[in-house]
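Visitor: Hi! Could you walk me through this one?
Guide: Happy to, let's take a look together.

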Amino acid sequence: MRQQPSCMQGALHRAGMFLRDRGATMGACHVPAAYITLVIPIEGHHLYSFSCHILNSGIYLSPFPYLRNLRHHTTMNISSEHLETSQDGTRWATLLAPSSLSFLVAAIVAAVITYTWASSSNTTKGLPNLNPPGFFSSVEAKKFFATSGESLVTQARKLYPGQAYRVMTNMGERIILPHELVEEVRNDRRLNFSHGFMEDGGFDGLIPGFEPFSILIQDGRFQTVIKKHLTKVPIGMLKSLSDEAEFIISRTISDSPDWNEMALSPAFHEIVTKVATRVFLGKEFSRNDDWVRVTQGFTHSWIVGGSALHLWPWALRILVHWVLPGCREARAQIKEARRMIAPFVAKRQATIQAAIAAGHDVPKFDDAIEWMAEETTKKGVAYDTAMLVNFQLVITLVAIHTTTDLLQQFVADLAQNPESFQQIRREVINQLQAGGLTKESFHKMPLLDSAIKETQRLKPIQFLIMRRRAQEDIQFSNGLHLKKGTRIWADTCRMRDPAVYENPEEWDAARFLKLRSQPSKASEAHLVCPSRDHLGFGYGIHACPGRFFAVHELKVILCHLLVKFEWKLAPGTDTKPGYIGDTCFANPETRVLIRRREEAEYDFCSI
Ligand code: HEM
């Protein structure tokens with residue numbers, strides 16, 4: 001089965017499959033043979049990650065976690081009869097060519113040059129280039145976009161109205177599409193979200209510490225779990241959300257009737273994490289501070305490590321990640337998460353086995369571990385702790401900081417608009433008193449819904465949204481031609497366009513409530529309904545599938561806050577959003593003065 005390939009050329013040729021996937025083409029390359037093993041994804045699947053071992057005279061890169069046992073293999077032929085199939089059905093090929101460390105370095109340099117050349121030969125080259133990279137390096141341009149991306153894009157809107165343009169972002173080159181093309185992007189399956197995210201955020205599974213993101217591209221099961229289990233938000237889930245909100249708010253926000261100063265960001269981060277974790281993993285984990293620390297820490301490491309990695313050329317990332325602090329922390333956090341989840345999964349399996357052995361009904365569990373296990377089994381694939389942990393880490397990552405951010409911005413907006421604040425509180429209390437904390441009551445709180453949507457209009461989580469990667473060549477109606485592998489983002493400028501929204505710079509709580517009375521706009525005026533005029537949750541087939549859950553979670557937390565507390569901005573505090581790259585975040589320094597309200601107009605324990 002195993003034999004020595006003749007030289008490095010073969011290995012690089014296979015590496016070309018990986019590069020070609022993002023629009024590159026490999027040139028012929030004669031490099032003397034080296035002991036390098038590359039594990040390359042086959043048939044559109046991606047590699048989980050590499051780990052690197054020095055074995056005898058050679059370097060051995062082995063995949064993690066599914067092919068751990070292959071560490072004992074020294075060579076493997078790439079030909080189709082020698083493909084490996086991992087537990088989840090993904091097929092892999094391992095490439096090897098004989099030699100020494102110097103040739104590994106030569107191979108990496110060759111790959112960098114080829115990739116750089118191939119990337120720059122894209123057909124979108126004729127588009128205006130907003131932030132061109134330097135001749136030898138794109139690092140400065142990437143750093144510039146990270147800090148000044150928002151002002152660059154504002155400038156581009158004036159320079160290139162209605163046109164697509166190129167820009168070197170902090171994550172690499174992107175084509176920014178004018179909003180006119182949003183309708184063409186939204187349901188085009190050739191423009192893929194997960195593969196784009198997997199590349200930007202998961203580094204295509206090539207970097208240990210980022211391998212959890214491979215869950216995003218495994219036959220859509222991640223998205224299916226969310227759509228199937230987190231969209232309807234049944235009353236039991238609503239009750240869990242409220243129960244956890246009651247618990248954690250009482251421990252995070254002072255109960256004093258006197259004004260106390262509080263920073264919004266850390267408090268809301270804690271509240272949102274625990275409330276969401278209650279649904280994802282139950283009380284055992286939502287009340288477990290170590291778990292919360294690990295999952296929050298993983299998000300932080302991902303941001304820090306990922307931002308640093310993006311400054312390196314692709315081929316060097318597989319080396320530098322070993323020393324970058326965020327990447328090292330991410331690896332440690334994954335290990336710790338596995339250590340915590342493994343006994344939980346084992347205990348559950350033992351309970352099921354015991355029930356079966358005793359002839360009892362198999363107990364039913366209702367949390368994200370169970371949903372994912374069920375969905376995976378349905379695909380005929382065995383699941384393991386590593387995969388379940390990947391799922392937990394990624395779902396927490398996509399769910400928490402987005403929801404925390406919107407909650408924080410909304411609370412700050414209310415503090416700056418006291419009249420709307422009082423009207424929204426009145427609406428909430430009236431409905432809670434009339435119908436309790438139910439979905440029906442939420443339907444009767446249109447001002448709350450409208451005001452949150454308004455906050456999101458003025459400060460979406462990204463001002464460039466709908467990240468996609470062209471999975472094949474694409475021609476748009478305006479003549480724009482994208483080559484396979486091209487990365488696009490869409491501009492959100494329409495969300496502040498005076499032709500679409502009257503006084504667009506003004507926060508108007510009732511803006512979307514008023515739109516509900518216009519038949520043509522009624523449906524898209526709801527918070528969970530994306531449209532070309534409001535891209536806060538994206539738009540089209542890849543619009544955020546977690547938005548229904550996020551909106552319910554937000555409303556539950558807000559009901560608690562509105563009923564129990566009074567707040568206003570602390571003197572001198574700053575509410576201006578911050579920008580990193582395409583991300584727009586609520587100001588982490590925002591502080592409020594907050595106090596407990598005297599009236600107890602609704603008792604949450606009664607639901
Ligand atoms: C206020 C909170 C949230 C905001 C603002 C938000 C925003 C977004 C945005 C803008 C996208 C990209 C859509 C596109 O490009 O068209 C997205 C995608 C996604 N979101 Fe959210 N999100 C939130 C909460 C959540 C939650 C709670 C979950 C999970 C429970 C979640 C899971 C996802 C997933 C899985 C995708 C990728 C969809 C796909 O692959 O097609 N999000 N979200």
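Visitor: Among contacts between residues at least 6 apart in sequence, what share joins residues at least 24 apart?
Guide: That share is 71%. Two residues are in contact if their C-beta atoms, placed from the backbone, lie within 7 Å. Keep in mind that this is a predicted model: local features need pLDDT of at least 70, side-chain atom pairs count only at pLDDT 80 or more, and totals for chains, interfaces and linings use all residues. Residues are numbered from 1 along each chain as its sequence is written.

Visitor: Okay! How many helices and strands are in the chain?
Guide: The chain has 19 helices and 17 strands. These are DSSP runs numbered from the N terminus, with helices being H or I of at least four residues and strands being E of at least two.

Visitor: And the ligand, which residues come nearest?
Guide: Ala 399, Thr 402, Gly 538, Cys 544 and Gly 546 do, out of 29 residues around the ligand. A residue is near a molecule or strand if its C-beta atom, placed from the backbone, lies within 6 Å of it.

Visitor: Which element gives the most to that shell?
Guide: Helix α14, with six residues.

Visitor: What does α14 do where it meets α17?
Guide: The axes of α14 and α17 (residues 446-458) come within 10 Å and cross at roughly 105°. That makes α14 roughly perpendicular to α17, a label for angles of 65 to 115 degrees. Axes here are lines fitted to C-alpha atoms, for helices over the stretch in contact, and angles run from 0 to 180 degrees between N-to-C directions.

Visitor: Which residues meet there?
Guide: Leu 406, Gln 409, Phe 410 and Asp 413 in α14 meet Ile 452, Thr 455 and Gln 456 in α17.

Visitor: New topic: is α19 enclosed or open?
Guide: Largely enclosed by the rest of the structure, because 17 of its 18 residues are buried. Buried means that 20 or more other C-beta atoms lie within 10 Å of a residue's own, exposed means 12 or fewer, and partly exposed is in between, with C-beta atoms placed from the backbone.

Visitor: And Val 225, where is it?
Guide: Val 225 sits in helix α6. It has 22 C-beta neighbours inside 10 Å, so it counts as buried.

Visitor: Which residues does Val 225 touch?
Guide: Leaving out residues up to four places away in sequence, Val 225 touches Ala 368, Trp 371, Met 372 and Glu 375. Ala 368 is 143 residues from Val 225 along the chain, yet their C-alpha atoms are separated by 7.9 Å.

Definitions and conventions
Parallel < 35°, antiparallel > 145°, perpendicular 65-115°, else oblique.
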